[in-house]
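Keep the sequence and the model side by side while reading.

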Amino acid sequence: MAEAYNPTEFRALTWHDHLAAFRDGTDTPRAYLERCLATIAAREPVVQAWATMNIDGARAAADASSGRWQAGTPLSAIDGLPIGIKDLLETRDMPTEMGCRGYKGHFPKRDNAAVWALRQAGAVVLGKTVTTELGGSHPGPTTNPFNPRHTPGGSSSGSAAAVAARMVPAAIGTQVGGSIIRPAAFCGNVALKPSQGGLHRGERQTTSMSTHGVHAGSIEDMWQVAIEIAARCGGDPGRPGLQGPRTPPASQRPVRLIVMESEGWAGLDAASKSAFEALLARIADAGVELLRRGDHPAIEAFEQGIAEGRALSTAITGWENRWYQRALLDADPEAISPRARGLLERAEAMSPRDYQAALAKREEAQLRHARLAGLADAIISLACPGPAPVWEGDKPGQPLAPRPTGDAVFNIPSSLLWAPVVTVPLLAVGGLPVGVQVMGQYQQDARVTALARWLLENIPPLAA
C-alpha cells in the first residue's frame, strides 16, 4: 500500500550494510533476493516497474553468489546484489523492447557493456525495468510508489520506482536530458548521472548526451555499483571513464556552493521554492557559504548560458535520434506513438546548420560552467520542479500532454554540460519526494559524490 513520503522516516532498501552478514553466514544473497521477490509480488500490481523478469536465472545467480560468500571468495562488494536494468539496454537472457511497438519481440541475446560488467562483478540481473517509449516522453505503465496517481518520472521510470518501492537496492537508468535524475528526485532515491562517457554505453552510442547511471537506496550502493561497472568496462570509446576510489568516497563538507536557478526557477511552485529556501538556510547554518547569480558576474554568465537549455537539448537530441526513428516509422507507420512522431517532425524540420548552431551554444555553456571551477566546490539546485505531477493518461479528444512524465528543466544543464550530478532525497512537498542535486565539474564524480554524501549525512531533511 502506498504511503505519503516523509524523508525523515522513509528507509530505503540497502545492500552495503548486509555484507558482514553474508560473510558470517547469518544472511545470504539468495535469502536477500527472496525478500526482494516478496516485495515485488506485493507491490508490482500497482507500481508496474518491471517490463520482464528472469526469476529462475536470478535465483541461480543468487545461489552461486551465496556459495562464493560462504567460501570467502566474493567477486566484488556487489556480488549477489539484485539489480534492475532499464529496458533500453540489451540483455542476453531477456528481450529489449524499449517500451516501443517497433521493438516488440526484439531479443538480440547479448549484454550491454554495463550489464556484462555487472554480471562479471557477480550482481544478480533480476529483470528489465520499464522505460518510456525509446527513452523519450511517451510514458509506460509505471506509477509513483508514493501515490499511484502521480508519475514516477521518465524515462528511467521503472528503475526509479523499483528502488523507491524497495523492490531492489539498485537499478540502472540512462539520461539524455533528465532521465536518471528527475525520476530519482520524484521517487526519493539517490542517483548518479556520471560525467559524459563515464560508464560504457555499449550499443547505445547514438546521442551525444546519453549516459548510463545508477539509482539506489543509498550513496554507498550507488557508488559501488557505478565503480564496479567502470572497473570492468571503463567509459565510452575515447573517454577516460568514471574515476575514483573502489569504495564509496567519504563525505566531504563543502566550503562554498553556487545555487543554480536555471530556466526552471520562474515556473517553480511556491511550496517547493519555500521548502528549498528553507533547506538552503539549514545548509548555510551549517557553515557553508552560498553564492547566487547576483553575487558574481561569472555565475550570471553561467545562468544566461543555460537559459534556453530545454530547447537546446531538444534540438540536439532530436536531430541525433531522427535517423533511426524515421527508419522505424518507414517500416511500420504505427511503430512509434503520436507523441514521438510529433518530436520527430520537429527534428526533421531542422537543417545541419541548425544542429551546428546548437552545438556551438552547448560548447559556450560548457565553457561558462568551467569558469566557475575556482569559485565554489559545486553547484546545488532542485533536481525536479516540485513534486511529481499527476498522470492518468491522455484524454480522448484533447491535445497530448507535452511532458507527461514531468519537466526535465532542472536536469538538462548537467546533461548539456557533460557534468556529473548526484541527487539526494532531502525534501518532501505534499507527501511526495522532491530531490536536491549537486553538480560538479567534468570528471569530478567522486568529489560530487562526497559532497552529496555530506549533505545527506549532516543536513536534516525537510517535509513541507
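On a 1 Å grid over the protein atoms alone, a pocket is an open set of points with protein on both sides within 12 Å along at least five of seven lines, a cavity is a set of points where a 1.4 Å probe fits but cannot get out, and lining residues have an atom within 4 Å of a point. Grid points are joined across faces, edges and corners, and a volume is the space filled by probe spheres set on the points. The model is predicted: local features need pLDDT of at least 70, side-chain atom pairs count only at pLDDT 80 or more, and totals for chains, interfaces and linings use all residues. Residues are numbered from 1 along each chain as its sequence is written, and side-chain values use heavy atoms, with hydrogens and water left out.

The second largest pocket has a volume of about 410 Å³. Its lining is made of 19 residues, and those nearest its centre are Phe 10, Arg 11, Gly 217, Pro 425 and Leu 456. Helix 7, strand 10 (421–429) and helix 14 (445–458) each give at least two residues to this lining, and helix 14 has the largest share, with three. Helices (H or I, at least four residues) and strands (E, at least two) are DSSP runs, numbered from the N terminus. Sorted by class, the lining of this pocket has eleven nonpolar, four polar and four charged residues. Here Ala, Val, Leu, Ile, Met, Phe, Trp, Tyr, Cys and Pro count as nonpolar, Asp, Glu, Lys and Arg as charged, and the others, Gly among them, as polar.

The largest cavity holds about 70 Å³ of space. It is lined by 13 residues, of which Leu 372, Ala 376, Asp 377, Ala 378 and Gln 441 are closest to its centre. The second largest cavity has a volume of about 50 Å³, and Trp 391 and Thr 405 are among the residues lining it.

The packing comes next. A nonpolar core is a set of buried Ala, Val, Leu, Ile, Met, Phe, Trp, Tyr and Cys residues joined through side-chain atoms within 4.5 Å. Buried means under 20% relative accessible area, exposed over 50%, and partly exposed in between (1.4 Å probe, protein chains only). The largest core has 104 residues, and Ile 83 and Val 225 touch the most other members. Helix 7 (residues 219–233) gives the most to this core, nine residues. A second, separate core of 17 residues includes Leu 33 and Val 124.

Some single residues remain. Ser 65 is in helix 3 (residues 55–71) and counts as buried because its relative accessibility is 0%. Leaving out residues up to four places away in sequence, Ser 65 touches Pro 29, Asp 79 and Gly 80; contact means heavy atoms within 4.5 Å. Thr 314, in helix 10 (residues 309–331), has 34% relative accessibility and so counts as partly exposed.

Two loop residues other than glycine have a positive phi. Met 98, with phi near 55°, lies in the loop between strand 2 (82–86) and helix 4 (113–120). For Ser 262, phi is near 65°, and its loop runs between strand 7 (256–259) and helix 8 (270–285).
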